[in-house]
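Dear colleague,

Please find below the structure that I promised to hand over to you.

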Amino acid sequence: MKVLVVEDQALVRNAIAALLSLEPNIDVVGEAEDGQQALEMLNHCDVDIVLSDIEMPHITGLELAQIVETRYPHIKFVIMTTFSRAGYIRRAMESSVKGFILKEAPSEYLINALKKVSVGQKVIDPELAMNALDEKDPLSDKERKALRLASEGLKTSQIAQQLFLSDGTVRNYLSEAIAKLNATNRVDAARIARQKGWL
């Protein structure tokens, strides 16, 4: 089982890679600090499973999962996170993610989860799955992208440039997101969306 570990915190990444390397049937073929670096590695690495964090700079774990699903459909994707936010789990379940593991889980759980995923099973804690089904993410993909950039402090014109949209369209997306989340402004909307795991 060839595994690529993707995690932006070096200590956590190194610890997970070292732990997995102790398993006789697991081969850690690479470590990436974010989604961008992971994609570069996947171009020249033979990988069976990508084990990735969610919250990372440049390309998030969920965005990486979508890209991997499109470009490398044979590679299985497992998310690990410290957050049991319903929005994250729901989006993971709706994508091709095969496993969702909390970082607090015992190491045996992680290893068993990877073994199950490698033979085609899905591994998502039943309690987490039930939480995920309780709340639906109201944001569209474009609204989410605009809101994430706004939360990073970018002005409307800068967001428009990054997303290749007009200023007016970006304003519409942001006001839609604010309305859907019953927020007072874009900062408040980003805060609410982040708490729910929708950003």
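Ile-75 is buried, because its relative accessible area is 9%, and buried here means under 20% relative accessible area, while exposed means over 50% and partly exposed lies in between, all with a 1.4 Å probe and protein chains only. This residue sits in the loop between α3 (61-71) and β4 (76-81), where the helices (H or I, at least four residues) and strands (E, at least two) are DSSP runs numbered from the N terminus. Leaving aside residues up to four places away in sequence, Ile-75 touches Leu-42, Val-47, Asp-48, Ile-49, Val-50 and Val-68, a contact being heavy atoms within 4.5 Å. Ala-65 is 10 residues from Ile-75 in sequence, and their C-alpha atoms are 9.8 Å apart in space.

Before going further, please keep in mind that this is a predicted model, in which local features need pLDDT of at least 70 and side-chain atom pairs count only at pLDDT 80 or more, whereas totals for chains, interfaces and linings use all residues. Residues are numbered from 1 along each chain as its sequence is written, and side-chain values use heavy atoms, with hydrogens and water left out.

Turning to the strands, β4 pairs with β5 (residues 99-102) in the parallel sense over 4 bridges, and two strands are said to pair if DSSP finds at least two bridges between them. Val-78 has Gly-99 as its bridge partner in β5, and Gly-99 in turn has Val-123 as its bridge partner in β6. β5 and β6 (residues 123-124) run parallel and are joined by 2 bridges.

Phe-164, in the loop between α8 (156-163) and α9 (167-180), has a positive phi of about 55 degrees although it is not a glycine, and Phe-164 counts as exposed because its relative accessibility is 78%. Asn-182, in the loop between α9 and α10 (186-196), has a positive phi near 50 degrees and is likewise not a glycine; Asn-182 is exposed, with a relative accessible area of 70%.

Finally, which residues are the closest to the centre of the largest pocket? Of the 19 residues that line this pocket, they are His-58, Thr-60, Glu-63, Arg-148 and Glu-152. α7 (141-151) is one of the elements that supply at least two residues of the lining, and α7 gives the most, with 3 residues. A pocket is an open set of points on a 1 Å grid over the protein atoms alone, where a 1.4 Å probe fits, with protein on both sides within 12 Å along at least five of seven lines, and lining residues have an atom within 4 Å of a point.

With best wishes
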